[in-house]
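Work through the exercises below with the sequence and the coordinates open beside you.

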Amino acid sequence: MADRYDRETDKTKRSMLNDTRVRGWVAQALVLAVIACVAGYAVYNVGQNLHKAGITTGFGFLNDPSGFDISQTLVSYSGESTYARALLVGLLNTMLVSVLGIIFATILGFFLGVIRLSPNWLVSKMAEAYTEIVRNVPLLLQILFWYLAILAPLPGPRQALNFNNWIYLCNRGMQIPRPVTEAGFGGVPIAFAIAVIFSIILVRWARLRQQKTGIRFPAYPVSFGVVVMLPLVVLLAAGVPVHWDVPALHGFNFRGGITILPELIALWLSLTLYSATFIGEYVRSGIMAVDKGQREATFALGYSPWLTYRLVIIPQAMRVVTPPLISQYLTLIKNSSLAVVIGYPDLVHVFAGTALNQSGQAVEIITITMAVYLTLSITISLFMNWYNKKFALRGF
């Protein structure tokens, strides 16, 4: 009886060892154990080295005064502000140039992708030449080109390029008017929010109505009109409670208005023009992936080329374009860290550069900077993956 029990036990053990799932779990457990040991040793080693160097660890330094100024701030900041405030300023500056780059690179990229397939030989070849030249020149050189060769040689404030006494362009950047709101303006953003909510409801209603009846409703033009007209009507009804603070030259510099730094202009142009070439290729490949019969069928039904692309070609092409588009957006955000070479006060320049040199908390600051970039990338990735899943082709 005992021998039989031993034989069954050995058989069970052999079957478990031959089970691929069990071996997989064992292998993963071993890998995790090795990673945990390596990470633990690294943390211990860093702690010992910092202790020997007399460097205090921890994130308490974030509450200390930073002691340095920043050239561009989207929120209130001074040299007496904390390192945490400097982190926020750098993050907002990074998000500003990244959002602007994503928006304009997407618009220009779609335009390039479409005209590269134009039957006009000259237009197609010009788009191809632009794409091949720009995307094969390193981004860092393009940033330096716009900053040092285009913006730096501009005249000073006294000889600034004048656009109708409203906009000025010089080597210190672009000066544009700043809107200043007055009492009674609060109804305008409320009207805008109401218009946006109404537009979302209208678009969903129109989509459901078309699925049930086959009848299209011009939801997007109507929504655009509501979003524009409703805040405008409220603004006019309130007596236009807003005026413009126009920049004016006083002495050796401009006062008033908003100053757009040349570093921001150079970085934005470089990121936009460079990323647009890759987006254009993704769009072109997506359009070419749509069967030609789709285009021919729309022409046979009397659709114009504009409606053909807007209603048939682009919606199907987006299912091919979206996955590489996600990667390009993430690359653009990470490429914004090259701003440090021209002194634009982004997250790397402000926090991982100046703040690190001031405080000496290298491990903590680099960890925070990496975590911020990781969070931004994951957020963009999650949103775009949701969009891709929502509009992806589903099997039957």
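## Exercise 1: a glutamine and its surroundings

Q142 lies in helix α5, which spans residues 139–151; the model is a predicted one.

Task: decide whether Q142 is buried or exposed, and list which residues Q142 touches, leaving aside those up to four places away in sequence.

Solution. Begin with the relative accessible area of Q142, which is 9%. Because buried means under 20%, Q142 counts as buried. Then turn to the contacts beyond the sequence neighbours: Q142 touches V134 and V137, and it also touches S270 and Y274.

## Exercise 2: the span and cover of helix α7

Task: compare the span of α7 with the expected span, and find which residues of α7 are buried and what covers them.

Solution. Helix α7 takes in residues 219–237, 19 residues in total, and from its first C-alpha to its last it reaches 26 Å, close to the 27 Å expected at 1.5 Å a residue. Next, look for the buried positions, which include A219 and S223 as well as P231 and L235. An α-helix has 3.6 residues a turn, so residues three or four places apart point the same way. The cover over the buried residues of α7 includes α6 (187–213) and β5 (242–245). Finally, follow the chain just past the end of α7, where G239 takes a positive phi of about 85°.

## Exercise 3: the second largest pocket

Task: state the volume of the second largest pocket, and describe which elements and which residue classes make up its lining.

Solution. The volume is about 300 Å³. Among the residues that line this second largest pocket are Q72, L96, F104, M174, T259 and W268. When the lining is assigned to secondary structure, α3 (83–115), β8 (258–260) and α8 (262–289) each supply at least two residues. Sorting the lining by class then gives ten nonpolar and two polar residues, with no charged ones.

## Exercise 4: the chain as a whole

Solution. Taken along the principal axes, the C-alpha atoms fill a box of roughly 100 × 75 × 50 Å.

How values were computed:
Residues are numbered from 1 along each chain as its sequence is written. This is a predicted model: local features need pLDDT of at least 70, side-chain atom pairs count only at pLDDT 80 or more; totals for chains, interfaces and linings use all residues. Side-chain values use heavy atoms; hydrogens and water are left out. Helices (H or I, at least four residues) and strands (E, at least two) are DSSP runs, numbered from the N terminus. The expected span of a helix is 1.5 Å times one less than its number of residues. Buried means under 20% relative accessible area, exposed over 50%, partly exposed in between (1.4 Å probe, protein chains only). Contact means heavy atoms within 4.5 Å. On a 1 Å grid over the protein atoms alone, a cavity is a set of points where a 1.4 Å probe fits but cannot get out, and a pocket is an open set with protein on both sides within 12 Å along at least five of seven lines; lining residues have an atom within 4 Å of a point. Grid points are joined across faces, edges and corners, and a volume is the space filled by probe spheres set on the points. Ala, Val, Leu, Ile, Met, Phe, Trp, Tyr, Cys and Pro count as nonpolar, Asp, Glu, Lys and Arg as charged, and the others, Gly among them, as polar.
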